[in-house]
Amino acid sequence: MAKSKNTQQKVKRQSTGANILIYIILILGGIIMVGPLIWMVSTSLKDKMGVFQLPPQWIPNPIRWDAYKRLFSLSEMYAGFKNTIIVSFTVTIIGSITSSVAAFSFAKLRLPFKNTIFLILLIALMVPYPAVMIPQFMIFSKIGWVDTLKPLIVPGLFGNITMIFFLKQYLQSVPDSVIESAKIDGAGYTKIFTSIIFPLIRPAVAAQFILWFMGAWNDYLAPLIYLNSPEKQTLQVVIANLSATYATQTDYPLIMAMSFVALLPVLIIFLIFQKQIIESIALSGTKG
Amino acid sequence: MTEETVVEKKKKTFFHHDSKLYRDEHRAALLMIVLPVIGFTIFTLLPLIYSIFASFTNWNGLGEMTFTGWRNFQLMMKDNYFWQTLGNTFYLMLGIPIGLILSFLLASALSRGLKGTTFFRVVYYIPVISSLAAIAIMWQWAYNGDYGLVNQVLALVGIKGPNWLQNVHTVKPAIIAMSVWKGLGYSMLLYLAAIQSVPKSFYEAADLDGANAFQKFKNITWPMCRPVTFFLIITNVIGGSQIFTEINIMTPTGGPEYSSATIVWYIWQKAFKNFQMGYASAMSMILGILIFIITALQFYVNRKSDYKLS
């Protein structure tokens, strides 16, 4: 009896020691994760010469808002924000509606060859963007859409196969009887979708919406291919181009301010919705 | 087999219950999926077919396409840049196992239910959601030889770091380190979910049998995480084979002696800078086939997998 109590205490002491070690590792890892981002903010608050000071200052003294002032005098940045907001909101809002409606149909309605059609759509998940980007570019250039936001917006309006896939999975847990009884009550499909299905899948739609929004906000290759004039470019392309320009002038505070401002909106969205986002990702990964 | 019978059954219901009710439902169902089907046809299927066709032509994107048979593929075999960029792409994938091991260890540490787990999950996830372009710009400066963050930290322990992105030997490891840093949170999250979904009774049973920590890890935790490991390997390989943004931003000319140029970067260069659309299409087909094989493998092994996490 006494012996077992002793071992228990020993185990407990051991695990406290292990826990402290684990905390140290986790904290060190955390510093490596956010350290570079903090350094980025710190650099953006220095003056042009301050960044070359050795040893470097982590908390700039004095703090200079100069880079941000110069940043907001750049018309490209405004255009970048405007274009990115137009593209990412249009695509994700309309595309999410298209995708939810399609997921409802695939999961709950009767249609001959429905499953075959769904399997064919899944091919899209296997086709890498680089394999279709050249013909897509040719199509859009034929109809004069190059250097407009349309090539970035229009394909997304037709829905997103990944989103349809996850919403369909989610809808499978909804019993058919719910829909059957609504039908008996004389509800049309629009009514069934808006008053029964959509409220049920709203959390899943929200999670997929946020993920897609972050993807659209951060997209780089497609905007790089389609957009040439600075006033048409999206934020990611704008900061990449400006960074190349200002690097030759060694204006690192400005470059870091730019990058920070570009990632800030998504960071804020993430911090607000972190619980939902993290849970939805954990779910999608284990279900995939 | 089962699919066929499903289709057969569908057909039967389709013909036998040809009532107004069913016709209405079919029409509504079709209407609801018509947009994604059209989108898929216009933006994926047709471009894919067009790409296959274009890869057998000499084409600058503007003029006529002249059919040249297998010539693009023959040229590719002799194109040193093609092999080098393909090789670089695979080299950069060395980060995948490193990232998986690190994220699994972190997830194991977090799965002990310590206080602050939520906080650490968020902290480790911040690089994942951050814009890749912004992150690449930041790391480009962090890898600067004289004033970059990396060398300043190394200087604290007395190491004089190189000018990472300008050096043939360090540019790829530098990009790998950045990729691991950026992707760690995602893999960690999936591993954490997998570890936490292992039923407690498995460990209790193992305790009764007198299993030690390593045996429990080897026989319970790791096998239960296998589907996640496989999922991560596949998605990382697919993502890794298309790595472009960080390359184009951090090393706009493909790095010293093309040492960081990847295959997608080379395709993009050929297509949109040199206007060799036919040749670029041919390379993108090779990339597509490689990715297709990897994805098909995922579906195959997933179907065979005994473990289902819910």
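Predicted model: local features only at pLDDT ≥ 70, side-chain atom pairs only at ≥ 80, totals over all residues.
Residues are numbered from 1 along each chain as its sequence is written, and chains are lettered from A in the order in which they are written. Local features need pLDDT of at least 70 and side-chain atom pairs count only at pLDDT 80 or more, whereas totals for chains, interfaces and linings use all residues.

Chain B holds 15 helices and 2 strands, where helices (H or I, at least four residues) and strands (E, at least two) are DSSP runs numbered from the N terminus. With a radius of gyration of 25 Å, well over the 19 Å that the globule rule gives for 310 residues, chain B is more spread out than a compact globule; the radius is taken over C-alpha atoms, and the rule is 2.2 Å times the number of residues to the power 0.38. Of these 310 residues, 40% count as buried, that is, with 20 or more other C-beta atoms, placed from the backbone, within 10 Å of their own.

The bounds below come from an automatic or database domain assignment.

| Domain of chain B | Residues |
|---|---|
| domain 1 | residues 2-54 |
| domain 2 | residues 78-132 + 178-304 |

The centres of the two domains, taken over C-alpha atoms, are separated by 34 Å.

The contact between the chains (C-beta atoms, placed from the backbone, within 7 Å) takes 80 residues from chain B and 75 residues from chain A. On the side of chain B that touches chain A, helix α2 (residues 20-54) gives the most, with 21 residues.

Definitions and conventions
Buried ≥ 20, exposed ≤ 12 C-beta atoms within 10 Å, placed from the backbone. Contact = placed C-beta atoms within 7 Å.
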